[in-house]
Structures are given as C-alpha cells and as structure tokens.
Amino acid sequence: MSTSTTDVLDGEKALRHRITVLSRSLREVTAVEHLQKPRYVGYDTVRDADGTTYGRKKAILMSGGCSVPTCTMCPFTNYNNFGLHGANADGLRGQVVTMLDRTDDEPDYDMLALYNDGSFFARREVPADVQVDIARRAAATGVRRLVVESLPQFVTTETLVPFVDALGDVQLEVGIGLQSADRLVRETLVNTRVTRESFEAAVALMQAHNVLPKVYLMIGPPFLTEAEAVTDVIDSTAYVASLGVAGVTLCPTRLAPNTVAWWLYQRGHYYAPNLWAVVDAVRGAHTKAAVRVACINMRGTDFDSVYPDSCERCANPIVDGLVAYSVSGAPADLPTSCECRRTTTPVALDHEHILARTVATLDACEAIA
Ligand code: SF4
Ligand SMILES: [Zn+2]
C-alpha cells in the first residue's frame, strides 16, 4: 500500500528532528580555546567561469563556529572555537587587520577569499558592524574580488546592501552550500537549514545587486546509494543552472570525526563515494552546466578524515583528472577506465523508499551503539 504525501512529510519531519539531535550530540566543544588567528592562510591561482584567472589569498578565520551546525557531513566545528562564546567581534576584526597587512615576501593576489567556518552574513557569527568594516578593509587592499560564504537565509537586503556599498568597486562572490536541490536530501539527509525559497530569494537578491552566487553541491550525501547520489548531483546542477547561476562546485564527501557521516561509517552504514562515482557524477553534471570539483585534496593529507577512493592503480590518476577538469572544463581530462571501475547508472529518487531505508539505517546503527 502506498503511503500518502502527508505521511511522507510527517515521516520526513520526524526524521529531520532525529538527525538534528544526533548531529548536535556528536559535536564537541573545543577543549582548548584557539587563538584569534586565522586557522588557515594560503595562496593559489583560480580560474573563473568566464576564464579570468585570479591570484587568490584564502583565509579561514578562527571563528566561534557555525550558528546552525546541523549538517551531517560537516566537520568545521572540530577546528574552531565552537561552543565557547560565539562571535568574538574584536577577535575577528583583529584577525582581518593582521591578515591584510601586506608583507614584502607575500605572493601577489587580486582575489581575497575569507571564510569563517559558517555564514559570514549571520550576525550571530560576524556582527553587522564587523561585516561592513571587513568590506571597507578589503576594498582598501585593492583586490578585484572578495569571496565569502553564507547560508542563503542570512543574505538579505539588510545584510547584503550595506556590505556591497562598502565594497565599492570590488566584485563580491558569495558561496552558498545548497548541497542538493532535492528537499528530502537537502533538509533531512544532509540536514542543512536551506529551503528552496530562501535559496531562490538569495540568488535573486544577489543577481539584482551584481553579486556572483557560487553554489556548492554534494556528491554522496549520507543515506543515499551511489546511483541515487549521481542522479541527485545531475538534477541539482540542472536546477541551479536554470536559475542563471554560472558557478557550480561539486564537493565529494569526506568523512571526519564528530559528524553523523563518521558515526554511520564507524557502524558500517556509510562510505565516502567511490572515485568512479565522483567521475560519473561530474560527467553527468557537465551535460547540464560548467562545474568544478572542490575538495581537490582527495588523496588525504588530513589523517583524521576518510576520502573518496578507488583502487591503488587509478586513485591518483582520477584525482589528477578531476583537478585538470576543474581547470580546463574539458571532459576529455576525466579518466575513463580501470579494472576496478564500476559504472554508476543514475536511478530516480524514491522518497518513500529512501525515508524507510534511512530510518532502518539509524535504527540499526543505534542498536550497535
Ligand atoms: S551550514 Fe555550513 S558550516 Fe554550518 S554545519 Fe552546515 S556545512 Fe557546516
Ligand atoms: Zn582502479
């Protein structure tokens, strides 16, 4: 007997609550307060969707962590001052001032990417006056572009307009982790607080103010099969492209401690996607829009995490191919064969079935715990 739509929605709501409680319970408050110093600063070159290249300085500020830390795969709260005092306005301002002091031996850059392990436009994470102050300081450095990240519900007229005004001629790009266009996948399985309405409103607002949206989609969310995950990436890319967004970045899932994904993995109910599934997802997405692949460091220098893998023979060439593809945009750069290769054929997402399977998976894992 088929379950009614109302039953599916009720089931989804109950499941979302269950996953939220689990996700929050797995987070750990930092044992030692980290200094007010960016937790990462690096330099590289990036190519824009229109082919323009930029020298990029990328910094991850030491923040108080994401204010909605519900996502099942996200390990950021492991690295910052999550759970201590929330936003530290003076600390954030001080980090930016120090970080923007150009030194003689510093590589040149004309793009500044400033991340805070969460949502830059959430005032609980970065107070409003600090946001605008950072815009002024970024503009004073003479960079051509500033990149920040935010959940879409925080990208409002009240936050975006004063920020864009303070930036003057600097082009703003805002990264948004949509993760999936499918409601069940996004709001329950990934468990991120992004609705389709808030996403579309933020994209429209950005487009109206000449701000570039850059959208992140996940390859291999927890609780989906690889075939479902490939379908999800392809459909999500088509949806994002239909909104006129040029920048789509695909993120193969890695598994890190203190996350639901890790908890499932330890109980044998989740694995990082096979690298060939990543290739299949990228090939499928490529037919819908120009995409890039993020988390390029997939051969794993972070020993705390488990990365997408395949066999010893093809894993490195696949990652090299994904890196080359991200620069060239040419599918010919993607590898085609290995003895271990299994082709993932996309299958439609059956919500009722996925819902039942997810509940059964959680029940089985809790029985192990
Ligand atoms: S919203 Fe972003 S920072 Fe917050 S938990 Fe989700 S992925 Fe992590
Ligand atoms: Zn192989």
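## Contacts and overall fold

Among contacts in the protein between residues at least 6 apart in sequence, 80% link residues at least 24 apart. A contact is a pair of C-beta atoms, placed from the backbone, within 7 Å. The model is predicted: local features need pLDDT of at least 70, side-chain atom pairs count only at pLDDT 80 or more, and totals for chains, interfaces and linings use all residues. Residues are numbered from 1 along each chain as its sequence is written, while chains are lettered from A and ligands numbered from 1 in the order in which they are written.

The protein holds eleven helices and eight strands. These are DSSP runs numbered from the N terminus (helices H or I, at least four residues; strands E, at least two). The C-alpha trace spans about 60 × 45 × 40 Å along its principal axes. Of the 369 residues, 42% count as buried. Buried means 20 or more other C-beta atoms within 10 Å of the residue's own, exposed means 12 or fewer, and partly exposed lies in between; C-beta atoms are placed from the backbone.

## Helix α11

I354, L355, T358 and L362 of α11 are buried. Seen down the axis of α11, its buried residues fall within an arc of 100°, so they line one face. The arc is that of the directions from the helix axis to the C-beta atoms. The buried residues pack against α1 (5-26) and α5 (183-189). H353, A360, D363, A367 and I368 are exposed on the face turned away from the buried side.

## Positive phi angles

Most residues other than glycine have a negative phi. D117 has a positive phi of about 55°. D117 sits in the loop between β3 (111-115) and α3 (128-140). D117 is buried, with 25 other C-beta atoms within 10 Å.

N191 also has a positive phi, about 65°. Its loop runs between α5 and α6 (196-208). N191 counts as buried, with 26 C-beta neighbours inside 10 Å.

## Shell of ligand 1

Around ligand 1 are C66, V68, P69, T70, C71, C74, F76, D117, G118, L151, G177 and T192. Each has its C-beta atom, placed from the backbone, within 6 Å of the ligand. The shell divides into seven nonpolar, four polar and one charged. Ala, Val, Leu, Ile, Met, Phe, Trp, Tyr, Cys and Pro count as nonpolar, Asp, Glu, Lys and Arg as charged, and the others, Gly among them, as polar.

Notes. Two residues are in contact if their C-beta atoms, placed from the backbone, lie within 7 Å.
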